[in-house]
Amino acid sequence: MKRQAIVVGAGPAGATAAFYLARAGIDVVMLDKESWPRDKPCGDGLRAPIWNLYKDMGVWDEVLEYSTPSKGVLLGAPNQTTIKLYGDVSPLCGPRRLIDHIVAKAAEREGAEFVQNFEVTELIIKRGFVKGVVGVYQGKLTKIESDVVVVADGSHSRLSHQLGLYNEDPDLVFYGARGYFEDIDEMTDLIEFFYNDMFYPTGYMWVFPMSKTKGNVGAFITEGALQRSGMRLEDLFGWWRDNTELGHKRLHKARLIGELKGWRLPACWGPRDNYANGALVAGDAGNMIEAAFGGGQDLAMLAGKDAAEVIVEALKTGDVSAKALSVYKDKLIKSQKEIYDGFNIARKLMFSDPNDLCEFVRLFKDRAESGELDYAQAVKQWVGIKMKAMQSK
Ligand SMILES: Cc1cc2nc3c(=O)[nH]c(=O)nc-3n(C[C@H](O)[C@H](O)[C@H](O)COP(=O)(O)OP(=O)(O)OC[C@H]3O[C@@H](n4cnc5c(N)ncnc54)[C@H](O)[C@@H]3O)c2cc1C
């Protein structure tokens, strides 16, 4: 049977697209190669731009139930000084295995059909138009035709390769690894980022709290910096513990629960042309991660919603050509650009030169920690100082 829409991938991008397609009455099937609930290596940070989406999808209470709130951010500078910055829109920490399943189930409740263990191997392309997918399901090669496909198969996306939209720019591809650790010392109720010379131009170790002693600990680093370090991704954890004061403080008696998991993070500077005849690409498959902190769940979900809205309109007219679907980029500019711009400024003015963060800590530590300045105010003042210095050069 031919479907109106197929969504490939049930992660944040795909499940959100399927949810909003179903809500608009579109016949949609969401395919994922895994058995759910499935895990996804991540810092588990759920940032403020998607809180309203969770509310609109009716899953906010459930998300809160399974996540840990944080009260702000701790930044550790390369000279091993730290600053605590408080703020009321600080991320929640919600394990992806649980949170993604909550969103995927919401899509199903809304009316999307959810087929697990379906590994899509390629898009069906006829006369230059995507017309469905082929994949392996229950051991058989299976074909499903559709009017339109949302490609949301994540950062190793086979399908965006097929469409020629996969980006491999080494400056914009990061690597990340994550482990859950017990017995972390001096754990705060802040999400913590620790910068070290070796990780520049962009990258850090993180500790995100899950309880008073348990946390999600990870490494985020560019491909180039990792190569220069001569280490493997998983070696960074031991290196940080044994060679830095702050790493030692946090991890000296910590125990890894389970295994460290690494993954690829494809980033961009802002919305790109993620559309083709009969297809839209959303989330990591479309390189939507921001290049300062490596966050992408929020950008993936916003794109999933935008993709659904574009498709609903396109199906009304029957025109799913790339030209008709190109309004997707305009929508992404509205929903995502401000987020990218904020992170790009932060990356440029605070996180790409080790001296910047050391100076930021020195200037603002006392006022931030006495409650005189919150996160947003300190960053705003810092940006003002840097801009002035640049203009006077
Ligand atoms: C180590 C690390 C830490 C991170 N930390 C954060 C963070 O703290 N906060 C944040 O906002 N972002 C973070 N990110 C980024 C975030 O994880 C991604 O941006 C987000 O998962 C993107 O969602 P997605 O739906 O595009 O892809 P995914 O979540 O990867 O979902 C893709 C889905 O597609 C399925 N799939 C893949 N191939 C096929 C196929 N051929 N057929 C069928 N199904 C398929 C997969 O099984 C998967 O379920 C981090 C990333 C990494 C690697």
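A residue counts as near a molecule or strand here if its C-beta atom, placed from the backbone, lies within 6 Å of it. By that rule, 42 residues surround the ligand, and the closest are G11, G43, G176, G283 and G296. Keep in mind that this is a predicted model: local features need pLDDT of at least 70, side-chain atom pairs count only at pLDDT 80 or more, and totals for chains, interfaces and linings use all residues. Residue numbers start from 1 along each chain as its sequence is written.

**Around the ligand**

The shell around the ligand has 15 nonpolar, 14 polar and 13 charged residues. For that tally, Ala, Val, Leu, Ile, Met, Phe, Trp, Tyr, Cys and Pro are nonpolar, Asp, Glu, Lys and Arg are charged, and the others, Gly among them, are polar. At least two shell residues come from each of α1 (12–23), β9 (118–126), β12 (173–182), β16 (255–268) and α9 (297–317). Those labels are DSSP runs numbered from the N terminus (helices: H or I, at least four residues; strands: E, at least two).

**The strands that meet β11**

Strand β11 covers residues 140–151, and its partners are worth a table. Two strands pair if DSSP finds at least two bridges between them.

| Partner of β11 | Sense | Bridges |
|---|---|---|
| β1 (residues 3–8) | parallel | five |
| β10 (residues 129–137) | antiparallel | six |
| β18 (residues 279–281) | parallel | three |

To find these pairings on screen, look for V8 opposite V151, V134 bridged to K143, and V149 opposite A279 in β18. β10 and β11 also make a hairpin with two residues between them, and Q138 in the turn has a positive phi of about 50 degrees.

**α1 against α4**

Helix α1 packs on α4 (residues 96–110) at an angle of about 20 degrees, the axes being 8 Å apart. So α1 is roughly parallel to α4, as angles under 35 degrees count that way. Axes are lines fitted to C-alpha atoms, for helices over the stretch in contact, with angles from 0 to 180 degrees between N-to-C directions.

Notes: Parallel < 35°, antiparallel > 145°, perpendicular 65-115°, else oblique.
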